[in-house]
Amino acid sequence: MTPASSNKERIRRIIYFFPFQLFFVQIKKNILLLVAWGILLGFISNGLAVKYGVPNLFLSPEYHGFVGFWSFFIMGICVGAFIMTFNIASYVTNGSRFPFLATLNRPFLKYSINNLIIPFGFLLYYSWSIVKFQIINEYQDRNAVLLDLCGLYLGMLVFMSFSYIYFFSTNKNLFQLFGIKPASDAKETMAKLKDQPIRKNPIAKFLVPTLKWVRAWKVITYLPHPFAVRLARESAHYEKAMIVRVFTQNQNNAAWFQLLIFVILIIMGYFQDISYLQIPAGGSIILFFTMVLIIITVLQTWLRGWFPIAFVGLALLVNNFSKYDILSFDNSAYGLNYNNAKAIYSNEVLEEHTNNLDQYIKDVSNTKTILEKWKKKNQTKNNPKPKMVIICASGGGIKSSVWTFQTLHAIDSITKGDFFKKTHLLTGSSGGTIGLSYYRELYLQQLNGIDIPSYKEQLNNIGKDLLNPVASSFTLYDLIFKLKKFDLDGYTYTKDRGYAFEEQLNKNTNYIMNNKISYYKEKESESLIPMLILSPAIVNDGRRLIISSQPVSYLVHNNPSKQIINKPTIEQVEFTRFFANQDANNLRFTSALRMNATFPYIMPLVTLPSEPAIEIIDAGARDNFGLKTAIKYIYTFRKWLEENTSGIIIAQIRERPKDPIIGNTKRRTALGKIITPIGSFYNNLFNIQDYNNDELIQYASEWYNGRIDIIDFQLRVDQEPRISLSWHLTNREKKQIAKALFQKQNVDAMRKLDELLN
């Protein structure tokens with residue numbers, strides 16, 4: 001052989017190398033399988049859902065509150081299941097395109113070894129990402145990270161070992177199946193066996209239809225094991241029917257294995273209340289994609305060329321029927337009665353509920369009684385008119401909960417408890433109100449002489465993960481079926497990720513907020529604790545739902561004034577009165593907090609018992625900083641406040657700097673020019689609320705003669721990466737939040753607040 005022909009042959013062996021051919025056939029024939037890999041890669045590379053902290057679920061998985069060997073071991077099992085399912089899906093759809101496999105010992109194992117480019121590349125990048133993330137964000141030493149990786153690989157090894165043991169014992173190659181030797185006369189053997197068809201069980205027949213001969217792809221070299229290269233054995237002299245029967249038998253076994261994995265995942269989803277089955281959320285997401293691969297494989301093998309159009313048609317069909325009760329499961333607010341007649345939600349009914357003068361006068365009188373008790377509690381001989389504190393805490397997931405709680409504790413420590421004692425009203429959004437509520441509950445317990453945890457434990461509790469149970473429920477339960485129910489106060493509700501969120505929040509905080517909203521009515525009435533007003537937004541029309549244990553019709557009252565002749569639009573709905581016949585006062589407090597923190601997609605929209613059904617979204621959609629509620633409250637009681645206080649302090653605890661970031665509009669791509677107008681408006685939503693709030697505060701000087709001091713506590717994180725808008729925090733993010741208290745603007749704000757109170 002000449003040097004030129006030798007080089008040519010070498011190039012041919014590289015081009016027709018089995019791993020390369022498999023990679024090309026995946027791109028050509030199985031693009032949906034690659035999409036699943038692409039999405040997972042997007043997660044671990046911080047390319048997808050970074051803002052919501054989803055990558056952390058893969059790079060720092062939690063199991064029973066801990067990140068370490070066992071959490072990564074479970075992740076390894078999930079990754080192993082995904083890789084095995086990918087190999088099976090690829091083998092079922094593409095194996096018969098490579099007939100030489102039928103002549104090899106353990107054909108599926110050989111196929112998996114050669115189908116390594118995508119899984120191996122993913123694992124390399126995933127491992128590197130874990131190392132980098134654990135060292136930089138979780139402050140782990142190298143030995144701990146190495147142990148994590150050992151857990152990951154051991155989990156994969158365990159799952160894949162059991163899987164291949166199954167295939168070793170069931171799969172046969174051409175020679176084993178027909179009992180012939182490689183040198184035997186294949187035609188003669190085929191003639192003897194043509195009347196002995198392989199029986200196909202009903203399940204396997206459904207999962208893998210009768211295999212047909214497809215055009216073979218050329219292969220010259222392959223990997224018999226990871227560290228060797230061999231020439232592919234010629235198979236053209238064997239009857240096509242013999243080759244087909246080998247792959248049919250192998251695929252029957254693969255079908256049973258897929259079915260087993262599918263059933264196991266269904267069982268895990270159904271029994272996820274068992275603590276040991278509450279696997280890391282990253283693992284749940286991987287298992288969800290595993291189920292998707294199984295479904296795609298079945299559809300693709302059955303429909304073949306019709307698969308793309310059938311897949312789109314099926315998606316449209318499911319989407320259409322999802323609006324009906326058979327496929328639609330609404331999320332409930334726990335404690336409400338969904339069995340009674342629904343409340344009628346119409347403009348006429350709202351007018352009747354909103355502008356009732358008698359209840360307005362009654363509610364104002366009730367709150368003035370509370371204000372008098374607040375004044376009596378705080379006035380002294382030297383200070384007969386105490387300063388009133390109103391706290392507004394912004395949304396922002398669990399970082400806002402921790403930042404709010406941490407800030408309250410710091411201010412209270414500096415003011416020797418005077419700050420929260422003088423606080424009369426709490427408002428805000430999302431995670432901020434969860435932090436406020438937890439601090440208020442601990443304050444109440446301390447007043448009642450109940451021992452409370454140390455500050456370190458308190459801060460740890462409010463910072464514990466909430467994302468894992470939500471993500472696990474979403475991927476293994478919400479998207480499959482919602483058959484599990486639970487009973488509460490005589491009512492029955494469906495378990496979903498809303499239930500998972502509340503359960504985990506209660507566990508994290510030792511169940512001290514597991515009360516009805518009516519539980520706080522007497523405590524607020526006696527001014528033992530500040531009033532808390534929540535204001536989630538209504539999806540149907542953009543109104544705000546005002547939730548309070550006190551009657552607060554004055555916050556929704558909107559009668560026209562004598563000087564202005566118009567009919568103002570009703571903007572707020574008072575929850576307890578509007579849903580009085582649906583047992584509104586029985587609403588669980590954690591459900592009220594969840595409604596106030598219903599960030600789209602992460603949390604399910606709560607559906608209330610009305611006609612048409614009211615859907616609830618995060619308070620941040622209308623008033624992320626709580627100032628709108630605070631200003632309306634001040635306006636209502638402006639005369640009393642002028643006469644009985646020496647001024648109002650609004651402590652605004654913000655999870656973001658107030659100074660707007662000016663974006664750069666230059667050098668946008670064509671796609672960027674299309675999406676920028678909408679994207680920019682969404683990104684600037686909170687800036688717009690700031691502009692409106694500052695305008696409201698400035699206008700207050702026209703109708704309020706007292707003094708209002710706005711003190712901002714801002715969570716500034718100047719270095720990258722930014723803290724994610726998530727229900728999970730890394731150790732680095734917790735440290736960033738702790739350090740923010742000592743930034744100059746926050747130290748100055750505390751000093752100013754202390755001076756005002758004294």
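The legends below describe several close-up views of a predicted model.

In this predicted model, local features need pLDDT of at least 70 and side-chain atom pairs count only at pLDDT 80 or more, whereas totals for chains, interfaces and linings use all residues. Residues are numbered from 1 along each chain as its sequence is written, and side-chain values use heavy atoms, with hydrogens and water left out.

**View 1. Overall content of the protein.** The protein has 32 helices and 16 strands; helices (H or I, at least four residues) and strands (E, at least two) are DSSP runs, numbered from the N terminus. Of its 758 residues, 54% count as buried, where buried means under 20% relative accessible area, exposed over 50%, and partly exposed in between (1.4 Å probe, protein chains only). Among the contacts with a separation of 6 or more, 80% are between residues 24 or more positions apart, a contact being heavy atoms within 4.5 Å.

**View 2. The largest nonpolar core and the surroundings of F58.** A nonpolar core is a set of buried Ala, Val, Leu, Ile, Met, Phe, Trp, Tyr and Cys residues joined through side-chain atoms within 4.5 Å. The largest one has 140 residues, and F58, Y126, L608 and W727 have the most contacts inside it. Helix α5 (residues 69–94) gives the most to this core, namely 14 residues. Apart from this core lies another, of 27 residues, which include I370, I390, I546 and L641. With neighbours within four places in sequence left aside, F58 is in contact with L40, F43, I44, F72, M75, Y126, G282, I285 and I286.

**View 3. The open five-stranded sheet.** Five strands, in the order β8-β5-β4-β15-β16, form an open sheet with parallel pairing; two strands pair if DSSP finds at least two bridges between them. Strands β8 (531–532) and β16 stand at the edges with a single partner strand each, so one side of each is left without a neighbour in the sheet. Strand β5 (residues 423–428) pairs with β8 in the parallel sense over two bridges, and L425 stands opposite M531 in β8. Helix α16 (residues 357–378) lies across β4, β5 and β8 and runs at about 125° to β5. Angles run from 0 to 180 degrees between N-to-C directions, and axes are lines fitted to C-alpha atoms, for helices over the stretch in contact.

**View 4. Strand β15 and its two partners.** In strand β15 (residues 648–654), seven of its seven residues are buried. Both faces are covered, with I648, I650, Q652 and R654 on one side and I649, A651 and I653 on the other. Strand β4 (residues 388–393) runs parallel to β15 and is joined to it by six bridges, with I391 opposite A651. Strand β16 (residues 708–714) also pairs with β15 in the parallel sense, over seven bridges, and here I650 stands opposite I710.

**View 5. The packing of helices α17 and α32.** The axes of helix α17 (residues 397–414) and helix α32 (residues 744–757) are 10 Å apart, and the two helices pack at an angle of about 45°. That angle makes α17 oblique to α32, since angles under 35 degrees count as roughly parallel, over 145 as roughly antiparallel, 65 to 115 as roughly perpendicular and the rest as oblique. On the α17 side W403, A410, I411 and I414 meet N746, M750, L753 and D754 in α32.

**View 6. The surroundings of Q445.** Q445 lies in helix α19 (residues 430–447). Q445 counts as buried because its relative accessibility is 16%. With neighbours within four places in sequence left aside, Q445 is in contact with I450, I452 and I512.
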